[in-house]
Amino acid sequence: MDIKSFSLGAAGEVTGSKHILQIDDRFIMVDCGAFQGKRKESDEKNRNFDFDMESLDAVVLTHGHFDHCGLLPVIAKKGYKGNIYATPATRDIANLVMMDSARIQARDAEFLAKQAAKKGEKFKWKPLYSEEDCIAVANQIVGVSYNRRMFIAPDVQLEFFDAGHILGSAFANLTINPNPKNPEKETRILYTGDIGRKCKPIIRNPAIDMPAPDYIFMETTYGNKLHQDHDIAMKELIRVVRESCQRKGKIIIPSFAIERAQELVYYLHRLIEQKKIPHVPIYVDSPMAVNATSVFRVHPECYDESVNEAFLKHHKNPFGFGDLTYTTSIEESKALNKKEGPMIIITADGMCEAGRVLYHLANDITNPRNTIMIVGYMAENTLGRKIRDGAEEVMILGDKYQVKAKVELMNAFSAHADYGEMTEWLKEIDTSRLKKIFLVHGEKDAQEFFQNHLHENGFPSVEIVKEKEFYKL
């Protein structure tokens, strides 16, 4: 049996996860994510994605972030009719993310058409997919719970283990065995998707009790970074909120609508309860975050009970309290721009590339009383990355703005493990059969650093995956 792997995205970069496992002349795709970054370049990459859908046996989805699920409607449009395997929570989250993307694309198309008409130009850009396409592909997603091993193709079994990254996120363990009577001949391949962190609120820690893999395809988003200590981060959050309230400023938090928004609400609620920060109006201004919070409520099977037990016993809704308002309509969102601070606005998109965050930044980034709080990873060439890296001037919605608001970086809120945490996880799992670690989903510097770090920590066979290059397993 000839087993090979190659990647069509997230190889030397952090977005567009698409990893292909080839077994003889059959293929299994792990994740089908969209590229993010420079708009024109990302759009071209997403449009030019092509694959022989007839040869595809199955698709496995590790979690519902856009850079892992965003092109599922595209492969369905191109003719893929098979199953897409995901945990039940990932299925629900991915549906939200894809529908949100379709709506954003439709609005972008309408906006660009009007801009072209004003210039007397012919409008050519069209959305990659529609809401109807998202509904169609949703019917192909098959829910598979954690720790439930099942066949997804001849000789291939899938088992999900909790990755501790976002609600429903999973390590995908694929076992290939043409002879079930001889388990010693089986090949085990573990795709990490995105690796979460220990002791995060709401969800469980990344799983460590799983079959020993022969090969690991491992993410490296923070392959050269260490996160702030949690206690230090809480002190920093308290400081930023207090200082902003004294200035009567707004805190704009670009946040992924899934996990990060709910986690921030959780922390702010606790700090207000403990009287460590003053009562301040908090707005979650993202329809998708509101919908995602509803998904959280119906998936308690993903909760970390040890962290949340006391909180859940005393509050019917862990994501709602007196100072918190969820805004859904455009009118409600626009009204926030007219309100005076202090206030906290948690809004999507997490990388500042689309959505309501652009309008809040345009309105508030030039005011020195305000604060932009960066709480997650910002991919190269995104607006969020430029703000994070200290740009004095940025382009938002076609206009230039001076960055006069304070910019605060808080990487302790990241849902990705840093290189120390990833190494610790590797040392905790069973690596007795491990032949090689393949590094994906990371920028060049991060991957090279992490490769050397793993060599120094007892993992001699580590390779950085290059896009479209075949690796024999």
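Which residues form one aromatic cluster? Tyr191, Tyr215, Phe217, Phe438 and Tyr471 do. The model is predicted.

**Aromatic pairs**

The count of aromatic pairs comes to twelve. One of them joins phenylalanine 27 and phenylalanine 51. Their rings sit edge-to-face, 5.5 Å centre to centre, with 85 degrees between the planes. This pair links distant parts of the chain, 24 residues apart. Phenylalanine 27 belongs to strand β3 (residues 26-30). Phenylalanine 51 lies in the loop between α1 (39-48) and β4 (56-60).

Both partners can be set side by side:

Another ring has a charged neighbour. Lysine 18 lies over the face of phenylalanine 49, at 5.1 Å from the ring centre.

**Nonpolar cores**

In soluble globular proteins, nonpolar side chains tend to be buried together. Here the largest nonpolar core holds 105 residues. Leu21, Ile28, Leu72, Leu237 and Ile346 touch the most other members.

Take leucine 21. Beyond its neighbours within four places in sequence, leucine 21 contacts Ile3, Lys4, Arg26, Phe27, Ile28, Leu174, Ile176, Ile189, Tyr191 and Leu473. Among them are Phe27, from the edge-to-face pair, and Tyr191, from the aromatic cluster.

A second, separate core has 26 residues, including Leu358, Ala362, Ile396 and Ala405.

Technical notes. Residues are numbered from 1 along each chain as its sequence is written. This is a predicted model: local features need pLDDT of at least 70, side-chain atom pairs count only at pLDDT 80 or more; totals for chains, interfaces and linings use all residues. Side-chain values use heavy atoms; hydrogens and water are left out. Rings of Phe, Tyr and Trp (its six-membered ring) pair if their centres lie within 6.5 Å; planes under 30 degrees apart count as stacked, over 60 as edge-to-face and the rest as tilted. Helices (H or I, at least four residues) and strands (E, at least two) are DSSP runs, numbered from the N terminus. A charge sits over a ring if NZ of Lys or CZ of Arg is within 6 Å of the ring centre and within 35 degrees of the ring normal. A nonpolar core is a set of buried Ala, Val, Leu, Ile, Met, Phe, Trp, Tyr and Cys residues joined through side-chain atoms within 4.5 Å. Buried means under 20% relative accessible area, exposed over 50%, partly exposed in between (1.4 Å probe, protein chains only). Contact means heavy atoms within 4.5 Å.
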